[in-house]
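Here's a quick tour of a protein model, written for someone who is new to reading structures. Have a look at the sequence and the 3D view, then follow the notes below.

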Amino acid sequence: MNLSTFTELIEFKILGASAFPFSVGLFFSWYFLNSVNGLYAALFFIAMILFDAAVNVMDNYNDFHHSDAEEYKSKTNIVGRANISATFLNSLLVALIGPSAAIGLYLTTKVGYHYFGWGCFALRSACCIQPVHTRFLAHHLVN
């Protein structure tokens, strides 16, 4: 896989959009709390970018896998266009999510376990709200 295919697969252009909310949070912490730990901020930024790239890879694969349109699969989606195997995508996901999770767990041990609990609650809430939201939209768009 060449660099341009990889950057399209992880949607490198969109990763920059993650930097804006990160910098807003960083400046908020600096302005209101008068403290920013540079090492923790850098580690969090790396983990955030790795996880965002993993989500983009998963989205590209799901779009390819669940599409019924052969033209979309072969000409539009990067997974089909570059003929990327599912085995490679799984390995790439592990390579992106593994370090991100390790950094996240390390930061949890340093800043406090209550943040881990809040993160788990937020993840659970997002996972529960998304299917309900999707069914609600599907119901109202069809009817």
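Let's start where two helices meet: Ala 19, Phe 22 and Leu 26 in H3 touch Ala 41, Phe 44, Phe 45 and Met 48 in H4. Sorted by class, the contact of H3 with H4 has seven nonpolar residues, no polar ones and no charged ones. Keep in mind that you're looking at a predicted model.

**The overall picture**

- How many helices and strands does the protein have? The count is eight helices and zero strands.
- Walk along the sequence and you get the pattern α-α-α-α-α-α-α-α.
- The protein has 143 residues, and buried residues make up 22% of them.
- Take the contacts between residues at least 6 apart in sequence: 65% of these join residues at least 24 apart.

**How H3 and H4 pack**

- Two packed helices are described by the angle between their axes and by the distance between those axes.
- For H3 (residues 19-33) and H4, the angle is about 160 degrees and the axes are 11 Å apart.
- Angles over 145 degrees count as roughly antiparallel, so H3 is roughly antiparallel to H4.
- Is the crossing of H3 and H4 left-handed or right-handed? This crossing is right-handed.

**How H4 and H7 pack**

- H4 covers residues 38-66 and H7 covers residues 86-111; they pack at an angle of about 150 degrees, with their axes 9 Å apart.
- That angle makes H4 roughly antiparallel to H7.
- Sort the residues in the contact of H4 with H7 and you find 23 nonpolar, one polar and one charged.
- As for handedness, H4 passes H7 in a left-handed crossing.

**The largest nonpolar core**

- This core has 13 residues, and the ones that touch the most other members are Leu 9, Val 57, Val 79, Leu 89 and Leu 96.
- Which helices each supply at least two residues of this core? They are H4, H6 (78-81) and H7.
- H7 gives the largest share of the core, with four residues.
- Zoom in on Val 79: leaving out residues up to four places away in sequence, Val 79 touches Leu 9, Asn 60, Tyr 61, Phe 64, Ile 84 and Leu 89.

- Leu 107 lies in H7. Is Leu 107 buried or exposed? Its relative accessible area is 9%, and buried means under 20%, so Leu 107 is buried.
- If you skip neighbours within four places in sequence, Leu 107 is in contact with Tyr 40, Leu 43, Phe 44 and Gly 112.
- Ala 95 is partly exposed, with a relative accessible area of 45%.
- Ala 95 and Ala 54 are separated by 41 residues in sequence, and their C-alpha atoms are 8.8 Å apart in space.
- Ala 102 is another residue in H7, and at 45% relative accessibility Ala 102 counts as partly exposed.

**Two loop residues with a positive phi**

- Glu 11 isn't a glycine, yet its phi is positive, at about 55 degrees.
- Where is Glu 11 found? Look in the loop between H1 (3-9) and H2 (12-15).
- Glu 11 has a relative accessible area of 22%, which makes Glu 11 partly exposed.
- Asn 83 has a positive phi of about 55 degrees as well, although Asn 83 is not a glycine.
- You'll find Asn 83 in the loop between H6 and H7.
- With a relative accessible area of 70%, and with exposed meaning over 50%, Asn 83 counts as exposed.

Conventions. Residues numbered from 1 in each chain as written. Predicted model: local features only at pLDDT ≥ 70, side-chain atom pairs only at ≥ 80, totals over all residues. Heavy atoms only, no water. Axes fitted to C-alpha atoms, helices over the stretch in contact; angles between N-to-C directions. Parallel < 35°, antiparallel > 145°, perpendicular 65-115°, else oblique. Left-handed = near helix turned anticlockwise from the far one by under 90°. Nonpolar A, V, L, I, M, F, W, Y, C, P; charged D, E, K, R; others polar. Core = buried A, V, L, I, M, F, W, Y, C linked by side-chain atoms within 4.5 Å. Buried < 20%, exposed > 50% of the residue type's maximum accessible area, 1.4 Å probe, protein only. Contact = heavy atoms within 4.5 Å.
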